[in-house]
Protein chains: 2
Amino acid sequence: MAKKISRNTFIMENPPTIYSYASVAGKKESEGPMGKYFDETEQDGYFGQKTWEKGESELIKRTLKKAIEKGGLAPKDIDYMFSGDLLNQCISSTYGLRDFEIPLFGIYGACSTMSEGIALASLMTDSGLGGKIAAVTSSHFCSAERQFRFPLAYGGVRTPTAQWTCTASGAVILSPKADAPYVRAVTVGKIIDLGVTDANNMGAAMAPAAAYVIETFLKDTAMEPSDFDAIITGDLGLVGSRLLIELLREDNIDISKQHRDCGMMMFDREEQDVHAGGSGCGCSASILCGFFLDKVKSGEIKNILFCATGALMSTTASQQGESIPSISHAVFISNESRFKENMG
Amino acid sequence: MAKKISRNTFIMENPPTIYSYASVAGKKESEGPMGKYFDETEQDGYFGQKTWEKGESELIKRTLKKAIEKGGLAPKDIDYMFSGDLLNQCISSTYGLRDFEIPLFGIYGACSTMSEGIALASLMTDSGLGGKIAAVTSSHFCSAERQFRFPLAYGGVRTPTAQWTCTASGAVILSPKADAPYVRAVTVGKIIDLGVTDANNMGAAMAPAAAYVIETFLKDTAMEPSDFDAIITGDLGLVGSRLLIELLREDNIDISKQHRDCGMMMFDREEQDVHAGGSGCGCSASILCGFFLDKVKSGEIKNILFCATGALMSTTASQQGESIPSISHAVFISNESRFKENMG
């Protein structure tokens, strides 16, 4: 059973295994530096469907299906799942996953959803509450643009700080202790709102939430940035990433060597015209499942701290002049299941 | 630690206590048969704010604050919370709860949110993962109408099967075993979609999800409807309630004596012109926290099965001709903490 060592942080007693995982991404993502790492890529933005929203549902469906297949499993083998996405009322998840007939806990953490899902699935697994528990999320550029910004046909000009919502999805299936990679600890974030109101600069809004959860995790576990091969944020982008490094430096924490931001990794910013980088629930989920987990599994890298970052605003809130509350949860994933002496 | 007895159902080993709970509702709700049971009611639809959305955030904030106060607690005493609501990107929760600085797991289950939140909080509590864990949700007639149907000023005519989204909120705080009421078991639902496409008849869409979870719970625990004083659904309304009874009768389960639907309880349908009844996350949450929990606590009633019911659609999905997938989770709440011989 997981051990609660602070208000926010849980150490896994028998670190759950990320038993299977999969990633699927779209055309633009397939052309970027991460393209070769995804399990599948799809050149059709509609994923064979009639609308972008149905396309995103198809995307998340294919991703969970792939994770189930890669694990040699069937949907009936999954006890239950955690899922959510950016679309209003999380319809990518509900329409995309309904045919699996897997019991569902719907979650919403904006682009922090993958961290939240893995955190909850890990806590449940380590508490003996399931043999196989899935966590899955998605995002889609076209459905997100239409919902949060402008219809694509409008041709709105993007600001330099704007990010590009990735068409991508990631799914993991947790299992009681087996082989690496293991989830060894999680830190639950809280809402942080420093008053940023620019919906075209969400990286800046989310950086303080990432800083909070990283600092809390390190303090609670008595670990150092140098214990990690990578400290991964979801989609802070260029602006938010710089801000994160600065914020932590103010507290004498230097993660500049370890920090990787999935929003910065997804595209070639020079070639692919994505301004401040990628974003979306699927950005960090697909890069975790496509790029990082294979490396942790093989032992090429040992320890990562995965902190997907979410901006908890809506267009309605923005139109009412509200600032952008943000949240991030930290998940410590490792090639090794045993604990350091000073942990816990 | 909770014991998993089937794919869907968990029995609590040391049933967590619903340590504190609170309900706040709006003007129309205050005038209905439930009005006298709420902790607070508010005659101003804006709850002193400038917009309905900000009003709903104020509503959920007051409700959690009240639950914390009733328990003699401070926000720092709450380890973390589960919260979600109907507004796009769950902004009632994120803006309403940000000032508490309590670690947050955002959830989305549409109007099933209160069941989902209590289920997760109970599983975590019984697994030793928190001393005090909150679950909270809200809904608001005006913000919901604007988002899901028509602006109020448009004066759209409501169909006979349409329901009235309640302006109401409920919050519970779970704690390791203390006094009644106890959460003794939960059954996690799955998405059920029988193809209903009428967004003005959500009760009919949700009834099969309620039937599924009630039947699964009874089968898994070997309990009978007669073991319960009330089997409570969230917001099936008149049409959905009749359908639920019928669906279960087909499987030789008769809950007609025990069934109570919060959507039917909230208003006087003759006097208050609400057509098929009330609805919304806050409908079942406020009636659970305002009406039922006091009776279970005092022992006036012993056992209830609380099954909030959620329609997982969005306006976008409806406009694309999609049917309405639904979900419900069951929570067994009791005055007694011990188990029946045949349970588990």
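Q: Does Ile253(B) count as buried or exposed?
A: Buried is defined as under 20% relative accessible area, exposed as over 50%, and partly exposed as in between (1.4 Å probe, protein chains only). Ile253(B) counts as buried because its relative accessibility is 13%. This is a predicted model: local features need pLDDT of at least 70, side-chain atom pairs count only at pLDDT 80 or more, and totals for chains, interfaces and linings use all residues. Residues are numbered from 1 along each chain as its sequence is written, chains are lettered from A and ligands numbered from 1 in the order in which they are written, and side-chain values use heavy atoms, with hydrogens and water left out.

Q: Where is Ile253(B) found, and which residues is Ile253(B) in contact with?
A: Contact means heavy atoms within 4.5 Å. Ile253(B) is found in the loop between α7 and β12 of chain B. Leaving aside neighbours within four places in sequence, Ile253(B) is in contact with Glu215(B), Leu218(B), Pro225(B) and Leu248(B). Leu248(B) is itself among the buried residues of α7(B).

Q: How many residues does helix α7 of chain B have, and what does it reach from its first C-alpha to its last?
A: Helices (H or I, at least four residues) and strands (E, at least two) are DSSP runs, numbered from the N terminus. The expected span of a helix is 1.5 Å times one less than its number of residues. Helix α7(B), residues 237-250, has 14 residues and reaches 20 Å, close to the 20 Å expected. Asn252(B), with a positive phi near 60°, follows α7(B).

Q: Which elements do the buried residues of α7(B) pack against?
A: They pack against α6 (202-221), β11 (230-233), β12 (259-261), α8 (262-266) and α9 (269-272) of chain B. Among the buried residues are Gly237(B), Leu238(B), Leu244(B) and Ile245(B).

Q: What span should α2(B) have?
A: At 1.5 Å a residue, its 19 residues should span 27 Å, and the end C-alpha atoms are 27 Å apart, which agrees. Gly72(B), whose phi is positive, near 65°, follows α2(B). Lys61(B) is found in this helix, residues 52-70, and is partly exposed at 28% relative accessible area. Not counting residues up to four places away in sequence, Lys61(B) touches Gly96(B), Asp99(B) and Phe100(B).

Q: What rotation superposes chain A on chain B?
A: Two copies of a chain are related by a rotation about an axis and a shift along it. Copies are superposed by least squares on the C-alpha atoms of residues with pLDDT (the predictor's confidence in each residue, from 0 to 100) of at least 70 in both. Here the rotation is 180° with 0.0 Å of shift along its axis (RMSD 0.0 Å). The two copies are thus related as by a two-fold rotation axis. In chain A, the C-alpha nearest the axis is that of Ile107(A), 1.9 Å from it.

Q: How many cavities of 30 Å³ or more does the structure hold?
A: On a 1 Å grid over the protein atoms alone, a cavity is a set of points where a 1.4 Å probe fits but cannot get out; lining residues have an atom within 4 Å of a point. Grid points are joined across faces, edges and corners, and a volume is the space filled by probe spheres set on the points. The structure holds 6 such cavities, and about 50 Å³ of space lies in the largest cavity. α2(A) gives the most to its lining, with 3 residues.

Methods:
1 Å grid on protein atoms, 1.4 Å probe; cavity = no way out; pocket = protein on both sides within 12 Å on 5 of 7 lines; lining within 4 Å.
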